[in-house]
Amino acid sequence: MDLIPSFSVDHTQIIPGIFESRVDIVGEEYVTTFDIRIKKPNSEPAIGQAAMHTMEHVIATYLRNDVEWKDKLIYWGPMGCLTGFYIIVKGRPAASDMYPIMLAAFKNMRDFEGEVPGATAVNCGNYLMHDLPMAKWEANKYVEYLEKNANNNLIFEYPKTERLTLDDGNNFFDS
């Protein structure tokens with residue numbers, strides 16, 4: 001069985017950044033999935049569930065209201081490993097093209113004040129699981145990282161695992 005693209009990434013080598021995860025064609029249109037990696041996997045603590053949930057709500061609301069991106073956005077949601085998010089957009093922008101909107105979205109999260117959008121029993125399946133102060137802290141760390149590494153192309157390049165085919169025809173994955 002083939003590994004899905006997100007599992008073919010060498011998670012021991014990945015750093016925080018903005019990476020193209022996959023490109024699909026739906027009908028005649030491109031749809032691109034990006035890995036918005038906030039934490040270095042398996043090296044630093046993952047984002048807490050409540051903070052991640054808050055970031056999901058606030059950033060999704062920001063993106064769905066952004067004049068340039070609202071009609072391009074298909075999906076924004078957390079990774080199960082809690083080290084980042086996936087964003088799926090219409091078209092085929094480069095990872096570096098996503099930098100300005102991601103920086104703006106995380107700055108908005110860092111500076112957000114008020115009630116978390118959609119954090120009510122009517123609007124959310126787990127409305128009590130939010131942590132705005134920690135979400136703001138995580139967003140600030142990511143903003144600082146993105147700004148510090150704006151000219152570092154490594155934050156836009158996925159490390160891939162190699163797929164070796166053994167003599168017996170089985171596949172072996174290694175980094």
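1. Of the 175 residues of the protein, 40% count as buried. The model is predicted, and the values below should be read with that in mind. The accessible surface comes to about 9800 Å², and carbon and sulfur atoms account for 51% of that area.

2. The secondary structure consists of three helices and six strands. Along the sequence they follow the pattern β-β-α-β-β-α-α-β-β.

3. Strands β3 (residues 73–78) and β4 (residues 84–90) run antiparallel and are joined by five bridges. One of the residue pairings is that of Gly 77 with Tyr 86, its bridge partner in β4. The hairpin of β3 and β4 has five residues between the strands, and Leu 82 takes a positive phi near 65 degrees there.

4. The aromatic pairs number five. In one of them, Trp 76 and Phe 85 have ring centres 4.6 Å apart and planes at 15 degrees; the pair is therefore stacked, as the angle is under the 30 degrees set for that class.

5. Tyr 99 and Phe 156 make an edge-to-face pair, with 6.2 Å from centre to centre and 75 degrees between the planes. Tyr 99 lies in helix α2 (residues 99–111), while Phe 156 lies in the loop between α3 (132–148) and β5 (162–165), so this pair ties together parts that are 57 residues apart in sequence. Tyr 99 and Phe 156 are both buried.

6. Which residues do ring pairs link into a cluster? They are Trp 76, Phe 85, Phe 106 and Tyr 142. The stacked pair of point 4, Trp 76 with Phe 85, is thus part of this cluster.

7. Two charged side chains can be listed with the rings. The charged end of Lys 72 sits over the ring of Trp 69, at 4.6 Å from its centre. Arg 92 lies over the face of Tyr 30, and the distance to the ring centre is 5.5 Å.

8. A search of the whole structure gives eight salt bridges. One of them joins Asp 24 and Arg 22, whose closest N and O atoms are 2.5 Å apart. Asp 24 is partly exposed at 24% relative accessibility, and Arg 22 is partly exposed with a relative accessible area of 35%.

9. Glu 147 forms a salt bridge with Lys 107, with 3.2 Å between the closest N and O atoms. This pair links distant parts of the chain, since Glu 147 is in helix α3 and Lys 107 in helix α2, 40 residues apart. Glu 147 counts as partly exposed at 39%, and Lys 107 is also partly exposed, at 28%.

10. Glu 113 and Lys 136 form another salt bridge, the closest N and O atoms being 2.7 Å apart. Glu 113 is in the loop between α2 and α3 and Lys 136 in helix α3, 23 residues apart.

11. Salt bridges with shared partners join Lys 39, Glu 44 and Glu 138 into one network.

Terms used: Residues are numbered from 1 along each chain as its sequence is written. This is a predicted model: local features need pLDDT of at least 70, side-chain atom pairs count only at pLDDT 80 or more; totals for chains, interfaces and linings use all residues. Side-chain values use heavy atoms; hydrogens and water are left out. Rings of Phe, Tyr and Trp (its six-membered ring) pair if their centres lie within 6.5 Å; planes under 30 degrees apart count as stacked, over 60 as edge-to-face and the rest as tilted. Helices (H or I, at least four residues) and strands (E, at least two) are DSSP runs, numbered from the N terminus. Buried means under 20% relative accessible area, exposed over 50%, partly exposed in between (1.4 Å probe, protein chains only). A charge sits over a ring if NZ of Lys or CZ of Arg is within 6 Å of the ring centre and within 35 degrees of the ring normal. Two strands pair if DSSP finds at least two bridges between them. Accessible areas come from the Shrake-Rupley method with a 1.4 Å probe; for residues, only the protein chains shown count as cover. A salt bridge is a side-chain nitrogen of Lys or Arg within 4 Å of a carboxyl oxygen of Asp or Glu.
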